[in-house]
Amino acid sequence: MSIAAANTNLRVPAGFRNLLEGLAREVLREQPTDVVAFAAQYFQKLLEQREAGAIDPVAWGAMLED
């Protein structure tokens, strides 16, 4: 059974590329054995920093993309 592909235009949200590049850089630097757990910890740390009033990497990345 095949499903016809819809002609959709998907856009990457502003700042998303910067966020993923930061994760990729840290994964390459740290070389974790469990990348999924590392990513969860990485994003948790970013969330805590953002909530503490630090720079939001998504907002910062979106400014760079403009």
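The model is predicted. The protein chain has three helices and zero strands, and its elements run α-α-α from the N terminus on. Of the 66 residues in the protein chain, 21% are buried.

**Helix H1**

- H1 covers residues 16-30, which makes 15 residues.
- From the first C-alpha of H1 to its last, the reach is 21 Å, close to the 21 Å expected at 1.5 Å a residue.
- The buried residues in H1 are Asn18, Leu19, Gly22, Leu23, Glu26 and Val27.
- An α-helix has 3.6 residues a turn, so residues three or four places apart point the same way.

**Helix H2**

- H2 spans residues 35-51 and has 17 residues.
- The first and last C-alpha atoms of H2 are 24 Å apart, close to the 24 Å expected at 1.5 Å a residue.
- Phe38, Ala39, Tyr42 and Leu46 are buried in H2.
- Seen down the axis of H2, these buried residues fall within an arc of 100°, so they line one face of the helix.
- The face of H2 turned away from the buried side carries exposed residues, namely Val36, Gln41 and Glu51.

**The annotated region**

- UniProt lists residues 14-51 as "domain: RIIa", in an unreviewed entry.
- Over residues 14-51, the chain is 84% helix and 0% strand.
- The end C-alpha atoms of this region are 19 Å apart.

**The largest pocket**

- The largest pocket holds about 200 Å³ of space.
- It is lined by 11 residues, and the closest to its centre are Asn18, Gly22, Arg25, Tyr42 and Pro57.
- H1 gives the largest share of the lining, with five residues.
- By type, the lining of the largest pocket divides into six nonpolar, three polar and two charged residues.

- Asn18 and Gly22 are buried in H1, and both are listed among the residues closest to the centre of the largest pocket.
- Tyr42 is buried in H2 and is also listed among the residues closest to the centre of the largest pocket.

Terms used
Residues are numbered from 1 along each chain as its sequence is written. This is a predicted model: local features need pLDDT of at least 70, side-chain atom pairs count only at pLDDT 80 or more; totals for chains, interfaces and linings use all residues. Side-chain values use heavy atoms; hydrogens and water are left out. Helices (H or I, at least four residues) and strands (E, at least two) are DSSP runs, numbered from the N terminus. The expected span of a helix is 1.5 Å times one less than its number of residues. Buried means under 20% relative accessible area, exposed over 50%, partly exposed in between (1.4 Å probe, protein chains only). On a 1 Å grid over the protein atoms alone, a cavity is a set of points where a 1.4 Å probe fits but cannot get out, and a pocket is an open set with protein on both sides within 12 Å along at least five of seven lines; lining residues have an atom within 4 Å of a point. Grid points are joined across faces, edges and corners, and a volume is the space filled by probe spheres set on the points. Ala, Val, Leu, Ile, Met, Phe, Trp, Tyr, Cys and Pro count as nonpolar, Asp, Glu, Lys and Arg as charged, and the others, Gly among them, as polar. UniProt positions are given in the numbering used here, feature names are shortened, and annotations may be inferred rather than shown by experiment. The arc is that of the directions from the helix axis to the C-beta atoms.
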